[in-house]
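This report is written for a reader who is new to the structure shown below.

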Amino acid sequence: MNLHTHALRLAAAGKPVRVGLIGAGKFGSMFLSQVPTTPGLIVTTIADLDPDRARAACANVGWDQHRIAATRFIDSGEALCARADVDVVIEATGHPGAGIRHALSAFQNGKHIVMVNVEADVLAGAALARRADEAGVVYTMAYGDQPALVSEQVEWARASGFKVVCAGKGTKYLPEYHHVTPEGVWGHYGLTPEEAKAAGMNPQMFNSFLDGTKSAIEMAAIANGCDLTVPVDGLAFPPCGVDDLPQLLRPKSEGGILEGSGMVEVVSSLERDGRPVFRDLRWGVYVVFEAPNDYAAACFRQYGMTTDSTGRFAAMYKPYHLIGLELGISVLSAAIHGEPTGRNRGFRGDAVATAKRDLKAGEMLDGEGGFTVWGKLMPADASLKVGGLPIGLAHNLRLKNDVAMDRPVTFADVEIDETTEPVRIRREAEQLGALAMAAE
């Protein structure tokens, strides 16, 4: 901690942390908006497929012309990773293949990397984390996004001597959302297609938030980063407000809904009939933990914590997350302390492409948030057993077989080139996961 104090010293010494940002979209722009008021941190280079768009993003978030003129704008993430004036790389493209390519380039050039691209982390995080260790650099989740914030809460609970029972986030969810396509997404956000288009909103990206794919990806990242277990049949999305977290999210043997202790789950801000949940956690994250003894349980009561009916289970939650506005925490932690703000530590969960409708051989998959598949959270061993196709690879692939609605798509169901870099790194991650499972 004390990041701000250390950063002030770096600023005073004229040795700020030098950052290279790849991808100046929404997440990247939110980070850029904080740079002028964050001491000890400068952005030297921004890589974007459209450098002019990146310059416009800087102006839009309030950068003055002097700061924009002092920044290099390029169109290659790999060239950015090779620059001598970059200490920390931020990968914010959202494209899993690009994320893997940029991570490998950062490692090759001895640069720390903040992986905003959760899709890439879930696709091949175990392999990327190992490569980072071999290169002696930091590979970290992005503070401000849910996986890093939940990892922090889990670390806090365990470092305080508590047993973590469940951890996760909130979202807006109803079961029928799994089958929504980009054509029908805007009604669920209270927008017309014309209003969304005028605001520059991407229907496929926003649909991935709605159809359960993003939740699956983020919970897989949390399970892999915190050594937590994934529900056998995927996320249940129970309706739950903050006051009911410790009562509901405890093991079935204790009266809750969990298969066991130490799991991930997402809570819904909507009741199944569409009514809003009282004191919902739609934008927040949480951890449920158990008192190790009667004394600690009594302290819960004495200090006003809301507990379950036994008084032994309690919860801490954070009602909001600020995405890229908080990202500087990861940059400074990597550069100053040499520590990640959460990172992959194994292969516990996977986000597997699942048919939104009955799919026919010959159809092309269109990936995250599209018309053909949604991402379902699966235990990693179950995914490996069926040969599940990760949602991060399920784009522009042709089906060889019919796949029934709500069934997982497997590697055997698609035409896929095993020699491409994302597939090779994914296979490496699978092998690491299989070896770890065999050793347990």
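This is a predicted model: local features need pLDDT of at least 70, side-chain atom pairs count only at pLDDT 80 or more; totals for chains, interfaces and linings use all residues.

Leaving aside neighbours within four places in sequence, valine 137 is in contact with Phe107, Gly110, Lys111, His112 and Ala132.

Asparagine 109 stands 28 residues from valine 137 along the chain. The C-alpha atoms of valine 137 and asparagine 109 are separated by 9.8 Å.

## The nonpolar cores

Phenylalanine 107, one of the contacts of valine 137, also belongs to the largest nonpolar core, a set of 79 residues. Within this core the residues with the most contacts are Phe107, Leu128, Leu365, Leu389 and Val409. Helix α7 (residues 118-135) supplies the largest share of the core, namely 10 residues. A second, separate core of 28 residues includes Ala7, Leu41, Ala54 and Val114.

When neighbours within four places in sequence are set aside, phenylalanine 107 is in contact with Ile113, Leu128, Arg131, Ala132, Ala135, Val137 and Tyr139.

## Asparagine 344

Asparagine 344 is located in the loop between α14 (328-337) and β11 (349-355).

Is asparagine 344 buried or exposed? Asparagine 344 counts as buried because its relative accessibility is 3%, and burial means a value under 20%. A polar atom of its side chain lies 2.9 Å from the backbone nitrogen of glycine 346.

## Helix α2

Helix α2 covers residues 26-34. Its buried residues are Phe27, Gly28, Ser29, Met30, Phe31 and Leu32. These buried residues pack against the strands β1 (17-22), β2 (41-47) and β4 (88-91). They also pack against the helices α3 (51-60) and α14.

## The second largest pocket

Helices α2 and α14 also take part in the lining of the second largest pocket. About 750 Å³ of space lies in this pocket. Of the 32 residues that line the second largest pocket, Tyr143, Glu152, Ile329, Ser333 and Thr341 are the closest to its centre.

Which elements each supply at least two residues of this lining? They are α1 (3-12), α2, α8 (146-159), α11 and α14. The most is given by α8, with six residues. By residue type, the lining divides into 13 nonpolar, 11 polar and eight charged residues.

## Two residues with positive phi

The loop between α11 (213-226) and α12 (245-248) holds aspartate 227, and phenylalanine 237 has its place in the loop between α11 and α12 as well. Aspartate 227 has a phi near 55 degrees, a positive value in a residue other than glycine. Phenylalanine 237, which is likewise not glycine, has a positive phi near 50 degrees.

Phenylalanine 237 is buried, with a relative accessible area of 3%.

## Aspartate 308

Aspartate 308 lies in the loop between α13 (294-302) and β10 (313-318). With a relative accessibility of 4%, aspartate 308 counts as buried. Its side chain makes a polar contact of 2.7 Å with the side chain of arginine 250. Apart from neighbours within four places in sequence, aspartate 308 is in contact with Pro246, Gln247, Arg250 and Phe313.

## Phenylalanine 209

Phenylalanine 209 is part of helix α10 (residues 203-210). Its relative accessible area is 35%, and phenylalanine 209 is therefore partly exposed. Not counting residues up to four places away in sequence, phenylalanine 209 touches Thr171, Tyr189 and Lys214.

Methionine 263 is 54 residues from phenylalanine 209 along the chain. The C-alpha atoms of phenylalanine 209 and methionine 263 are separated by 21 Å.

Key. Residues are numbered from 1 along each chain as its sequence is written. Side-chain values use heavy atoms; hydrogens and water are left out. Helices (H or I, at least four residues) and strands (E, at least two) are DSSP runs, numbered from the N terminus. Buried means under 20% relative accessible area, exposed over 50%, partly exposed in between (1.4 Å probe, protein chains only). A polar contact is a pair of N or O atoms within 3.5 Å; within protein, one must be able to donate a hydrogen and the other to accept it, and residues adjacent in sequence count only if both atoms are side-chain atoms. A nonpolar core is a set of buried Ala, Val, Leu, Ile, Met, Phe, Trp, Tyr and Cys residues joined through side-chain atoms within 4.5 Å. Contact means heavy atoms within 4.5 Å. On a 1 Å grid over the protein atoms alone, a cavity is a set of points where a 1.4 Å probe fits but cannot get out, and a pocket is an open set with protein on both sides within 12 Å along at least five of seven lines; lining residues have an atom within 4 Å of a point. Grid points are joined across faces, edges and corners, and a volume is the space filled by probe spheres set on the points. Ala, Val, Leu, Ile, Met, Phe, Trp, Tyr, Cys and Pro count as nonpolar, Asp, Glu, Lys and Arg as charged, and the others, Gly among them, as polar.
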